[in-house]
Each structure stands twice: as structure tokens, then as C-alpha cells.
Amino acid sequence: KPDVRELRNQLTALRALESRPFPENLPLVELMRNREDKNWEVFKPLSSPKHDWKVLTDPSYDGTDKQRLFVCTALATPDFAILDGPPGTGKTTTIRELILQLILDRQRVLLAASTNAAINNVLERLRDEDKYKAPVYATRLGQKERAMNVEKYVLDVQIEEWVSKYSLSEDEARHLIIESANLVCGTTSGIHRLFNWERGDSDSDPLDDLTRGGTPFDVMIIDECSKTTFQEFLVPA
């Protein structure tokens, strides 16, 4: 049989947005309206973040002013902020600063991307959290083989460690790791692992899992979003 899991995940996300959206999903619903009918709110970026700059520390470095402006814009936006630029212009560095500022503000972040390489790149560059003085507790959804150089963040690896160290069951360890992480990472097609969509229970509606308990994250960051179709974007969003 063909593998239709990704299509099913996209359909489930669309159904949830159509029939059971959270109040926090209003900006997503508004994306469905004709542009002529929707006036998006105009807002001012923050003058500076609440906390000292952790990555963008050198204002004399070329481009730092624009990177800082985007971080302040993203921290202030009521809906969406988009960072556009060719390779090598510091987008990943900007994402690192944004993640750290959000975590220092006690917000939970979902980092998504269409490719494993993009997720690995951000995690690898965030690995030295002591350098930035930010309490990053990250977990990565997906297979260990695809988490090059960041295997320690893979959920299955962390579950194995917690089961051995704390004498927990696998379900207990999985739940505690996900709940305690302030940065959860995964591909747009792998985010479904946060929910019980693949347990094989014919009596369970995926929407029940998707909409139970409210929104689990404060902010979603999607890297390399130009590679992502709109319906792929809706799965993590």
C-alpha cells in the first residue's frame, strides 16, 4: 500500500482548523480569507528584548542591526513574522537569538522544518547553552540516524536514558520529557509523533488527540519555510 501518512496528517490538521480551532488559531483561520477582506494589524517592534542579547552581541558586525530588528519584530508580532534572505545572511543565527529570548521569557517553542538538516543545524549551534546563559531543554522528534551530531536530543534516545536513570516506564519517560522540554524540534511530517495519531486504535479520532488539552506551545518557528507547502505548514501550526 502507498504511504499516505503525511497526507492524512495534513487532512487531520485541516479538519481541526475547520471544525475545532483554538482561539490562538485565529491568525491561521484568517489566512484562509481573501487578502482584500483582511487588514492585518500594524504593530511596532520592541525597542529591545527583555533580556540582554545572547548571540547578536556585536552591534558593529555587518547585518546585526537587521537581525536584531527581526528578533524584536518577531517578539512583538500578534500573528506572523517572516525573515527572508539568501544563504549565508545569518538567518540561523537570528533564529538562535529568537529561541533563546523566548526561552528566557519562559515560553515553549516548537521548531519545525521540512528537512532534517535544517533542524540539526539549529540544534547543533544551540548545543552550548552555558555559553548563552539560557536554560535550553530540547528534544528532537525523529530517528537517531537522521539527527547527525545532535543524537543526544532525539526523543527515543532520551527516553532510553530516562527509563534507565529514573526507573520509569517508556510512556512515563516520554510524557515527562515532552512536558519538560521548552524546545521541541521536528520535521513538518514528523510533528504528528507528539500526538497519538499512529497508535492503531480504530475507535480513536485523531482530532480528539489533536484538540485535547489546548495549545501546547507559545510560539512556532519554521525554518526554510520557502521549501514548505501550505498544507505541510498547517500540521505543526
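A helix axis here is a line fitted to C-alpha atoms over the stretch in contact, and angles run from 0 to 180 degrees between N-to-C directions. With that in hand, take α4 and helix α5 (residues 116-126): their axes come within 10 Å and cross at roughly 60°. Keep in mind that this is a predicted model, where local features need pLDDT of at least 70, side-chain atom pairs count only at pLDDT 80 or more, and totals for chains, interfaces and linings use all residues. Residues are numbered from 1 along each chain as its sequence is written, and side-chain values use heavy atoms, with hydrogens and water left out.

**Helix α4 and helix α5**

- α4 and α5 cross in a right-handed way, where right-handed says that the near helix is turned clockwise from the far one by less than a right angle.
- On the α4 side, the contact (heavy atoms within 4.5 Å) uses Thr92, Thr93, Ile95, Arg96, Ile99 and Leu100, while α5 brings Asn121, Val122, Arg125 and Leu126.
- Sorted by class, the residues where α4 meets α5 are five nonpolar, three polar and two charged.
- For those classes, Ala, Val, Leu, Ile, Met, Phe, Trp, Tyr, Cys and Pro count as nonpolar, Asp, Glu, Lys and Arg as charged, and the others, Gly among them, as polar.

**Helix α3 and helix α4**

- α4 also meets helix α3 (residues 64-76), with axes that come within 10 Å and cross at roughly 40°.
- α3 and α4 are therefore oblique to each other, and their crossing is right-handed.
- Gln67, Phe70, Val71, Ala74 and Leu75 of α3 touch Thr93, Thr94, Glu97, Leu98, Gln101 and Leu102 of α4.
- Six nonpolar, four polar and one charged residue make up the contact of α3 with α4.

**Leucine 104 in helix α4**

- Leucine 104 sits in helix α4 (residues 91-104).
- Leaving out residues up to four places away in sequence, leucine 104 touches His51, Lys54, Lys133, Ala134 and Pro135.
- From leucine 104 to histidine 51 is 53 residues in sequence, yet 7.4 Å in space, C-alpha to C-alpha.

**Helix α7 and helix α8**

- Helix α7 (residues 155-166) and helix α8 (residues 170-180) have axes that come within 9 Å and cross at roughly 120°.
- That angle makes α7 oblique to α8, and the crossing of this pair is right-handed.
- From α7, the residues in contact are Leu155, Gln158, Ile159, Trp162 and Val163, and they meet Glu170, Ala173, Arg174, Leu176, Ile177, Ile178 and Ser180 in α8.
- The contact of α7 with α8 splits into eight nonpolar, two polar and two charged residues.

**The cavity**

- A search of the whole structure turns up one cavity of 30 Å³ or more; a cavity is a set of points on a 1 Å grid over the protein atoms alone where a 1.4 Å probe fits but cannot get out.
- The largest cavity holds about 30 Å³ of space, with volume being the space filled by probe spheres set on the points, which are joined across faces, edges and corners.
- Its lining (residues with an atom within 4 Å of a point) is Glu6, Asn9, Gln10, Thr188, Ser189, Glu232 and Val235.
- Helix α1 (residues 5-19) gives the most to the lining of the largest cavity, namely three residues.

Technical notes: Helices (H or I, at least four residues) and strands (E, at least two) are DSSP runs, numbered from the N terminus. Angles under 35 degrees count as roughly parallel, over 145 as roughly antiparallel, 65 to 115 as roughly perpendicular and the rest as oblique. On a 1 Å grid over the protein atoms alone, a cavity is a set of points where a 1.4 Å probe fits but cannot get out, and a pocket is an open set with protein on both sides within 12 Å along at least five of seven lines; lining residues have an atom within 4 Å of a point.
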